[in-house]
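I opened my notebook to look up a few things in this structure.

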Amino acid sequence: MGAPPAGTVTAAFVDWLAAERGLRFDDYDALQRWSVTDLDGFWSAIAAFFAVPFHDAPRAVLEARGMPGTVWFPGATLNYAERAVEGPPGTSDDAPALLAYSQTRDEQHWSRGELRDAVARARAGLQRLGVGRGDRVVAYAPNIPETVIAHLAVASLGAVWASCAPEFGARSVIDRFAQIEPTVLLAVGGYVYGDKPIDRTAEVAALRAALPSLRHVVGIPYGPGEVPDALPWSELVGTPAAPAYDPVPFDHPLVVLFSSGTTGRPKAIVHGHGGLTVEHLKNHGLAWDVRPGDRMLWFSTTAWMMWNALVSGLLHGAALILVDGNPLHPDLGWQWRLAAGARATHFGSSPGFLMACRAEGLHPAAEQDLTALRQICVAGSPLPPEGYRWVAAEFGPEVLLLVGSGGTDVCTGIVQGGPWQEVVEGEISGRELGVDTAAFDEAGNEVVGELGELVIRAPMPSMPLFFWGDEDGSRLRAAYFDHYPGVWRHGDWVRFSPSGSVVVTGRSDATLNRGGVRLGTAEFYSVVEEMPEIVDSLVVHLEDAAGGPGELLLFVVPAAGQEVDEALVGRIRAELRSALSPRHLPDRIHALPAVPRTRTGKKLEVPAKRILLGADPDAVASRDSLVDPSALDAIADVAR
């Protein structure tokens, strides 16, 4: 492909490697191979090129290299909040930091200087409440400036942060927060979703009653409810203070992220200051091409790792466009209008949102001034080929479509595109820099051109430090390393092409095994959901213990005015046979009022399968974590 595009962070990095390290790379693949074979060279280059603000310099890049148990940058001290608040060298106090839009209150704009002052005040307020290094502070709050400010203030003290969105019910939040025994809770009393006021004071009361470790509650004024008997946010930040950031070891805990909790109690995944700092400097710079002065919009709740990734745009001197409310209110065009008004350079989205815009006939670039936009980033589930074609037709070659897949477990991308990679229709462009990925068969052999388990063969800095409460590390080893000792098994079912592009076909524990042939769930969805009569779908395979084909069940949500009758069933089967194969034909097709999804948009394939095998719906998933808590009941009706 020649040199990376001029003006990109990748181009500057490649030039720096040539000038400072004497290293030259002719294409992205060569750079990627070096990044995973010379871990010391690559990650030391990342730290130097992006000017990681170490207080004490590391004595090495890697000390222990096995997985789990890798030791990164031993001896180094730093603080994530210092780089996030202060920005890269040369960042102006007048530079935008936060641009906040919501359906609850008027928009707000914060400069870097105002962000620094607010974080310093919040830090001092937390210190007055007795918060110190290692204490846990949690937030039941949406994607608003106060949440970002509190997170950075907590980090500046070396305390540990966790957050949940206020649309989560009390039970699912307690399942998360109770594991880490927080001392301080920050909470809103409610919010407005579209044009509907939502009072959450009862949920906040339930959290307080169920978390005996709490010493203080801070009420953030937002929405219709007010948190009673709480320290007002205005008082927490009421006293001026000088900015300060306590240096902590590279592997000091920064945040606890929680898994979706659809197959048991959510895993409390601990990420460190150093790991997220260097990983997000690398990922956001070299894949997302985030530069000083950029503006990033990615609709996310505070319960999803994408919120943490969004906040890390501050590391690069970018401004965050914070969005809270109903993402589809008053219509699908709302987010595009916000992007135009805020001059967004990066627009993050789910595949479902882009496909809905396509289906509704939106023309965002023609209808809005989106000339500042450089990247549309997509994650969360596979994007069908039609989505690639829609973005290309609507935005042209000036806007890069970057499709990626990663996870809460590493809080970053694992496979994705970038400025120096080709966009491959219907596929992810390739391997992420610094992530040694492959597909393995059951025996642990690498496979190319066929489906296998997504694995990571070498350590990366943002792998979890530990699971909270997992004293002997047994739960972490069971989650990632028991299947292939010493190799990370991510849990996705993927196919790498000979050229390195990737197709993620679904979670490997939800993969369909028809008579010994494995099929990916995403293949079904890309066909079925392209039909105008269908708005959503879910596919589950019930295995035959005798080794036969088992039973393949397809659930569909019909479009308004459609009925899942014999004629529509016939058309669905014909489409699957034509686009995929006779092996993909379902044995039964059932209508659903809604597909069960988590609040981050993931389909609950494995819980649905467990219900069909006789499990109680309330035993397989926390209803509070679902978009529609009743969505499991229709599947239970089929099981009966």
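Which residue in strand 19 is the bridge partner of Gly404? I looked it up, and the partner is Gln416. A note before I go on: this is a predicted model, in which local features need pLDDT of at least 70 and side-chain atom pairs count only at pLDDT 80 or more, while totals for chains, interfaces and linings use all residues. Residues are numbered from 1 along each chain as its sequence is written, and side-chain values use heavy atoms, with hydrogens and water left out.

**Entry: strands 18 and 19**

I took strands and helices as DSSP runs numbered from the N terminus (E, at least two residues, for strands; H or I, at least four, for helices). I count two strands as paired if DSSP finds at least two bridges between them. The two form a hairpin with 4 residues between them, and Cys411 in the turn has a positive phi of about 50°. I then checked how covered strand 19 (residues 412-416) is, and 5 of its 5 residues are buried. Here buried means under 20% relative accessible area, exposed over 50%, and partly exposed in between (1.4 Å probe, protein chains only).

I found an open sheet of 4 strands in the order 20-21-23-24, with antiparallel pairing. Its edge strands are strand 20 (437-440) and strand 24 (502-507), each pairing on one side only. Neighbouring strands of this sheet are turned by 45° against each other on average, direction ignored. For such angles, axes are lines fitted to C-alpha atoms, for helices over the stretch in contact, and values run from 0 to 180 degrees between N-to-C directions. I looked at strand 23 (residues 488-496) next: 5 bridges join it to strand 24, antiparallel. One bridge I noted has Phe496 partnered with Val502 in strand 24.

**Entry: salt bridges**

How many salt bridges does the structure hold? I have 29 in my notes, each a side-chain nitrogen of Lys or Arg within 4 Å of a carboxyl oxygen of Asp or Glu.

Arg65 and Asp40 meet in one of them at 2.6 Å, N to O. Arg65 lies in the loop between helix 3 (39-49) and strand 1 (77-78), and Asp40 in helix 3, so the pair ties together parts 25 residues apart in sequence. Arg65 is partly exposed at 43% relative accessibility, and Asp40 is partly exposed at 26%.

Arg105 and Glu146 form another, with the closest N and O atoms 2.6 Å apart. Arg105 sits in the loop between strand 2 (96-102) and strand 3 (108-111), and Glu146 in helix 6 (residues 145-156), so this pair ties together parts 41 residues apart in sequence. Arg105 is partly exposed at 22%, whereas Glu146 is buried at 7%.

I also jotted down Asp331 with Arg337 at 3.0 Å, N to O. A network of salt bridges links Asp289, Arg291, Asp294 and Arg374.

**Entry: cysteines**

I searched the whole structure for disulfides (cysteine sulfur atoms within 2.5 Å) and came back with 0. Cys377 is in no disulfide either, and its nearest cysteine sulfur, that of Cys411, is 15 Å away. Cys357 is buried at 0% relative accessible area, and Cys377 is buried at 2%.
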